[in-house]
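Subject: Structure handover

Hello,

Here is the structure I promised to pass on. Please open it and keep it on screen while you read my notes below.

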Amino acid sequence: MNPPQPANSKSSALALGALGVVFGDIGTSPLYTMKEVFGGHHLALTEGNVLGILSLVFWSLMLVVSLKYVSVMMRADNKGEGGILALLALAQGQAPLGSRIRWVLMSLGFLGASLFFGDSLITPAISVLSAVEGLEMGAPALHPFIVPLALGILIGLFVIQRHGTAAIGKLFGPVMLLWFAVLGLLGLLGILRNPQVLAALSPAYALHFFAAHGVAGFLILGAVVLAITGAEALYADMGHFGRRPIQLVWFAYVLPALVLNYFGQGALLLASPEAVRNPFYMLAPEWALYPMVGLATAATVIASQAVISGAFSVTRQVIQMGYAPRLIIRHTSAAEAGQIYIPFVNWTLMIGVALLVVGFQSSSNLAAAYGIAVTGTFAIDTILVGTVMRVRWGLGLGATLAGMLVFLAIDLAFFSANAVKIPDGGWFPLVVATLVFTLLVTWKRGREIVQQRLQETAQPLAPFVDVLLAHPPIRVPGTAVFMTADAQGAPSALLHNLKHNKVLHERVVILNVRYAEVPYVAADRRLEMAKLAEGFYHVVVRYGFMDDIDIPQALSECACGMQFELMDTTFFFSRENLIPTRGAGMPLWREHLFATMARNAASPMTFFRIPANRVIELGTQIEI
């Protein structure tokens with residue numbers, strides 16, 4: 001037996017793990033932020049402009065990342081978990097909110113989740129492209145190979161997802177530890193050559209910049225926001241590492257390294273204006289160019305991996321909250337429950353990222369598409385955390401509104417500045433978000449309609465059992481489990497089995513799976529059983545939206561006086577054949593969309609981890 005780790009050793013491991021996973025996106029932003037601010041907007045390299053931009057970058061990091069996300073939002077944890085859907089569940093909770101307010105909050109939460117998928121496509125593309133573009137700094141002749149090389153790296157990253165990341169994940173922390181050390185060192189050397197840039201720590205330079213440039217200066221916020229993309233990941237990954245390790249690593253290591261590097265790039269631009277074509281790589285000594293390209297590529301691959309894993313996690317959450325059809329979810333680690341792989345999401349992301357790289361060709365072109373999804377999520381997070389502050393923390397209305405308005409003013413300023421980029425590429429994440437949001441709300445509404453149709457013809461369960469036992473059919477040995485979403489009605493699969501097979505198992509279990517608005521459900525609250533009559537039982541299994549679903553395991557651990565033998569149990573499912581019809585349900589095109597999604601959903605036996613040889617499916621036809 002291994003001795004327990006000391007507390008400081010465990011904290012160090014968590015901090016190193018957080019460094020490798022949480023900070024990849026925001027940590028690779030120095031690759032392209034300053035280049036896009038000055039090169040993309042053709043901003044003159046005057047002392048006032050450089051100091052103004054550095055001041056904007058610094059105070060964006062302080063206000064949005066340090067204050068809003070790291071200091072305020074990390075207090076809004078849902079049983080230790082973060083992320084927009086955990087925040088949504090916390091904001092709704094048991095608070096006395098009206099149905100209209102709940103609907104608005106729900107819509108905002110899933111709109112934020114939809115925007116995340118748009119961001120999930122752009123982040124890997126722009127990060128890896130910006131890293132590989134360093135090659136042409138030393139050898140311009142390599143320019144034609146930049147896109148194929150970036151494409152190859154990204155496709156390889158998606159191909160290895162099915163094997164899991166447990167092995168290479170151990171390298172993430174040390175690589176990012178080195179990455180931020182190099183960022184800070186290069187920035188410090190640049191500052192020492194031109195210490196006057198430290199004056200930009202004063203917010204006066206940001207205000208002077210706006211005063212001097214007016215609307216044009218405001219629009220440059222659309223590039224400045226690149227410095228804070230990835231801020232939401234700090235909150236979203238809180239459940240994996242805890243609040244304290246993330247806060248410690250941010251303030252003690254990551255933030256200083258980022259500030260030093262940005263200010264070092266600013267000092268370089270003042271001394272050598274020609275460095276504007278790529279200030280990040282030109283900050284490094286000439287001999288270090290190719291090692292820096294290798295290190296930057298490794299860092300961007302890690303950042304991309306974190307985004308891909310995040311997409312898998314969010315997908316599982318929306319499935320278990322009832323907003324998406326069942327998909328095949330595979331676990332890639334026996335030790336870590338959070339390490340999952342969803343083939344459909346993986347290959348969809350791969351195709352989308354590949355199209356972005358081929359279509360936009362460079363990180364500068366992709367920068368036009370970046371930002372709109374991120375800033376939209378920022379604003380939604382502010383509204384949700386403001387609700388939590390009011391209904392959960394009991395903060396006064398005045399204080400809540402004051403805090404929300406300050407953060408919301410910053411978020412909307414960034415969003416507005418990015419909105420002008422919609423024709424040049426900003427449309428892409430909006431199209432993706434609109435498509436995902438449409439799929440989510442269509443599935444949710446479609447399932448509600450199906451349940452209504454089933455309830456219209458369902459027989460109440462208790463009277464049905466009484467009548468059935470008064471005139472029982474032939475009883476056969478074994479246990480039959482009938483899974484149903486309606487705990488009050490007799491499952492249609494049970495009715496069809498009686499109609500066609502005319503037998504009843506000696507033990508009949510009506511199984512209802514419910515999802516709680518919490519990340520995880522405690523083991524002692526997982527399952528409850530009620531005896532309906534002799535040989536009839538009603539079992540409820542509860543899962544949180546981040547729990548791993550395994551019905552046989554849940555039943556095997558039942559401590560309610562009833563033992564389940566899997567090889568003596570048959571699971572009955574009702575396969576619904578959906579027929580779109582004109583009526584009061586949804587518009588016909590949405591009904592066809594819902595029916596298509598239902599046909600392509602993973603089978604219940606796969607999703608619930610039930611062996612295929614223990615399942616019988618009985619069909620039923622439903623008009624929607």
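**The sheet**

Ala 480 has Val 508 in β4 as its bridge partner. This is a predicted model, in which local features need pLDDT of at least 70, side-chain atom pairs count only at pLDDT 80 or more, and totals for chains, interfaces and linings use all residues. Residues are numbered from 1 along each chain as its sequence is written, and side-chain values use heavy atoms, with hydrogens and water left out.

Strand β3 (residues 474–483) and strand β4 (residues 503–515) pair in the parallel sense, over eight bridges. Two strands pair if DSSP finds at least two bridges between them. Helices (H or I, at least four residues) and strands (E, at least two) are DSSP runs, numbered from the N terminus.

Which order do the six strands of the open sheet take? The order is β5-β6-β4-β3-β7-β8, with mixed pairing. The edge strands are β5 (527–533) and β8 (615–623), and each pairs on one side only. From one strand to the next, the twist averages 25°. Axes here are lines fitted to C-alpha atoms, for helices over the stretch in contact, and angles run from 0 to 180 degrees between N-to-C directions.

**A helix**

Helix α21 (residues 427–457) has 31 residues. From its first C-alpha to its last, α21 reaches 45 Å, close to the 45 Å expected at 1.5 Å a residue. The expected span is 1.5 Å times one less than the number of residues. Buried residues in α21 include Phe 428, Leu 440 and Trp 443. Buried means under 20% relative accessible area, exposed over 50%, partly exposed in between (1.4 Å probe, protein chains only).

**Aromatic rings**

How many aromatic pairs does a search of the whole structure find? It finds 16. Rings of Phe, Tyr and Trp (its six-membered ring) pair if their centres lie within 6.5 Å; planes under 30 degrees apart count as stacked, over 60 as edge-to-face and the rest as tilted.

Tyr 32 and Tyr 370 form an edge-to-face pair, 6.5 Å centre to centre, with 65° between the planes. This pair links distant parts of the chain, 338 residues apart. Tyr 32 and Tyr 370 are buried.

Phe 607 and Phe 608 are also edge-to-face, at 5.3 Å and 80°. Why does Phe 607 count as buried? Because its relative accessibility is 9%. Phe 608 counts as buried at 8%.

Phe 58, Trp 59 and Phe 263 form one aromatic cluster.

Best wishes
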